[in-house]
Amino acid sequence: MNRLCSALLLSATLLLPAIAAGDEGEERIQLRMQSLKAFGLDRHAELEKMFEQARTRQTRTSSGVWALTILDDGLGNAFNADPRNDELWAQREARVQAWQEAYPTSAAARLAQAKLLLSRAWRYRGDGYAGTVKAADWAPFHDYVGRARAYLEEHKAIASVDPRWYDYMEDIAKYQQWPKDEFAALVDEGLSRHPTYYPLYFTAVDYHLPKWGGSAEEVETFARAAVARSRKTEGEGMYARIYWVVAGSQYGDDLVLDSRVDWSMMKRGMHDVLARYPDRWNLNNFAQFACAAGDREETAALMRRLGDEPDPQVWTTPGQFERCRDGDIGPPKVRPRPVAPGRTTRG
């Protein structure tokens, strides 16, 4: 294995979370490593196969998350480098170009170039709040975001058959502060073409959060519209998944108190998700939501299904699982540190 691939794999290993108690954590790690390793070893046929199959077959993990999303995360780990190290970025770009030369009509190969540009932009910005970003880093951040947008628009005919084209563009729209009508048109086009791809909903709702200039009312309006669009395949599950993202991005355990979530609808959505994907990752998260919401009956029912093996990646507040299990429901007394508004894997 060459030195560059070894460095990429080491970088990914450091970035990946610990293996969860259930299958979901294992699946995500394996998928990330598959795409990262194939990219690092220039296995273009393998890259094409894994991304094409994940897209066309809509393969899911145990919790229902698209495998395409996790493969994309793994590819992103290849672009984790000092943004000012031109030599490292040139090496990675050469690998992307080799992939494109091997498969000139590949949507995945085109999107890898956009991913590289957006990743370099984000490496300049960092994962902290806007006030922590150095003044000198804003210009290159916006420059690379602009380059990514121009590249995606140039290659839309090939790349937009993959729903990630719209996901990347939604991120760009947020970074560039597009007007709401332009953003809504982009989201509508993307969901009309790819109505079952979860990240299009998740990235879109992020644009409507109060911290980005939206409001709790906007989030609720979007969530209900998402249910109407996805009801045929998801029931009301999209409502629960969207507010799961919203909680992680802004409200935390105060979701029911501070947002406009309809808890009855959230609960029905949770049941619809679990009917399709009765995975322990989903059970752990929904039990935590029910407890924080103060729903004693729902908490008890989910805890019975969960048993005494909590996932430590979910129950991060000390003693929270035991408290909820024992009927002391409501938001935790000790708050975990707030999550900075960086990019995270969702769902």
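Modeller: Let me start with the link of Cys291 and Cys324, which is left-handed, with -90 degrees about the S-S bond. Cys291 belongs to helix α16 and Cys324 to helix α18, so the pair ties together parts that are 33 residues apart in sequence.

Biologist: What makes the pair Cys291 and Cys324 a disulfide?

Modeller: A disulfide is a pair of cysteine sulfur atoms within 2.5 Å. Here S to S is 2.0 Å, so the pair meets that definition. A search of the whole structure finds 1 disulfide.

Biologist: Before we go on, what should I know about the model?

Modeller: This is a predicted model, where local features need pLDDT of at least 70, side-chain atom pairs count only at pLDDT 80 or more, and totals for chains, interfaces and linings use all residues. Residues are numbered from 1 along each chain as its sequence is written, and side-chain values use heavy atoms, with hydrogens and water left out.

Biologist: What is the mean pLDDT, and where does pLDDT stay under 50?

Modeller: pLDDT is the predictor's confidence in each residue, from 0 to 100. The protein has a mean of 90, and 89% of its residues reach 70 or more. pLDDT stays under 50 over residues 1–7 and over residues 335–345. Where pLDDT is low, the predicted coordinates should not be read in detail.

Biologist: Back to the helices: how do you know that the buried residues of α17 line one face?

Modeller: Helices here are DSSP runs (H or I, at least four residues), numbered from the N terminus. In α17, residues 296–306, the buried ones are Glu298, Thr299, Leu302, Met303 and Leu306. Looking down the axis of α17, they fall within an arc of 130 degrees, so they line one face of the helix. The arc is taken from the directions from the helix axis to the C-beta atoms. Arg296, Glu297 and Arg304 are exposed on the other side of α17.

Biologist: And what covers the buried residues of α17?

Modeller: The cover includes α15 (263–276), α16 (280–292) and α18 (320–325).

Biologist: Why is Ser35 called buried?

Modeller: Buried means under 20% relative accessible area, exposed over 50%, and partly exposed in between (1.4 Å probe, protein chains only). Ser35, in helix α2, has 0% relative accessibility, so it counts as buried. Ser35 touches Leu47, Met50, Phe51, Leu71, Gly74 and Leu75, leaving aside residues up to four places away in sequence; a contact means heavy atoms within 4.5 Å.

Biologist: What makes the approach of Ser35 to Leu71 a polar contact?

Modeller: A polar contact is a pair of N or O atoms within 3.5 Å; within protein, one must be able to donate a hydrogen and the other to accept it, and residues adjacent in sequence count only if both atoms are side-chain atoms. A polar side-chain atom of Ser35 lies 2.9 Å from the backbone oxygen of Leu71, so the distance is within that cut-off. The Ser35 side chain also reaches the backbone nitrogen of Leu75 at 3.4 Å.

Biologist: What makes phi of Asp42 and Gln58 stand out?

Modeller: Most residues other than glycine have a negative phi. Asp42, however, has a positive phi near 55 degrees, and Gln58 has a positive phi near 50 degrees. Asp42 sits in the loop between α2 (23–40) and α3 (44–56), while Gln58 is in the loop between α3 and α4 (67–77).

Biologist: Are those two buried, exposed or partly exposed?

Modeller: Asp42 has a relative accessible area of 34%, so it is partly exposed. Gln58, at 34% relative accessibility, also counts as partly exposed.

Technical notes:
Helices (H or I, at least four residues) and strands (E, at least two) are DSSP runs, numbered from the N terminus.
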